[in-house]
Amino acid sequence: MSETYQPRSGVDDEGIEADVGLDRENVFPVTPYLGIDMVEELWLCRKCGEELGDATESYKRGLLVNERDPDEVHRPLIGEEYKYTYAPDSDWCRLIEYYCPSCATQVETEYLPPGHPPANDIQPDIDWLREHHMEDDE
Ligand SMILES: [Zn+2]
């Protein structure tokens with residue numbers, strides 16, 4: 001680890017656990033575990049600083065993926081005779097988990113139909129973000 005990583009804990013003013021480790025001036029926090037290096041335009045893991053790829057593309061391209069049967073996570077609450085009680089039908093749904101390839105932090109999860117490509121759910125306008133991010137530095 002370099003000296004730019006300063007482990008921190010706690011919550012921000014809004015009660016959100018937003019600072020999980022990486023503390024660099026040029027990194028814009030996007031989620032608790034994802035940030036964008038505004039100079040290099042790269043997705044970063046905010047836990048360990050691993051570069052996850054081009055920020056103009058989906059951050060999921062740089063993460064490890066694990067597909068799980070939702071039955072492993074959501075057990076029927078009433079009983080086996082009511083198979084779908086609070087449990088998605090595994091013929092129609094998969095739980096997709098995304099992990100940082102360096103520190104194994106679970107960065108994201110999503111529910112998708114089997115065979116569906118990962119959703120590109122966060123695609124910031126880098127120029128707009130830089131303009132507003134740089135305003136804070138002045
Ligand atoms: Zn990481």
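**View A. Pairing of β1 with β2.** Strand β2 (residues 34–37) pairs with β1 in the antiparallel sense over 3 bridges. Strands here are DSSP runs of E with at least two residues, numbered from the N terminus, and two strands count as paired if DSSP finds at least two bridges between them. Within this pair, F28 stands opposite I36 in β2. The model is predicted: local features need pLDDT of at least 70, side-chain atom pairs count only at pLDDT 80 or more, and totals for chains, interfaces and linings use all residues. Residue numbers start from 1 along each chain as its sequence is written.

**View B. The sheet β1-β2-β3-β4.** In this order, 4 strands form an open sheet with antiparallel pairing. Its edge strands are β1 (27–29) and β4 (51–54), each pairing on one side only. From one strand to the next, the twist averages 30°; axes are lines fitted to C-alpha atoms, and angles run from 0 to 180 degrees between N-to-C directions. Strands of a sheet pair through backbone hydrogen bonds, either parallel or antiparallel.

**View C. Pairing of β5 with β6.** Strand β6 (residues 94–99) is joined to β5 by 5 bridges, and the two run antiparallel. R68 stands opposite L95 in β6.
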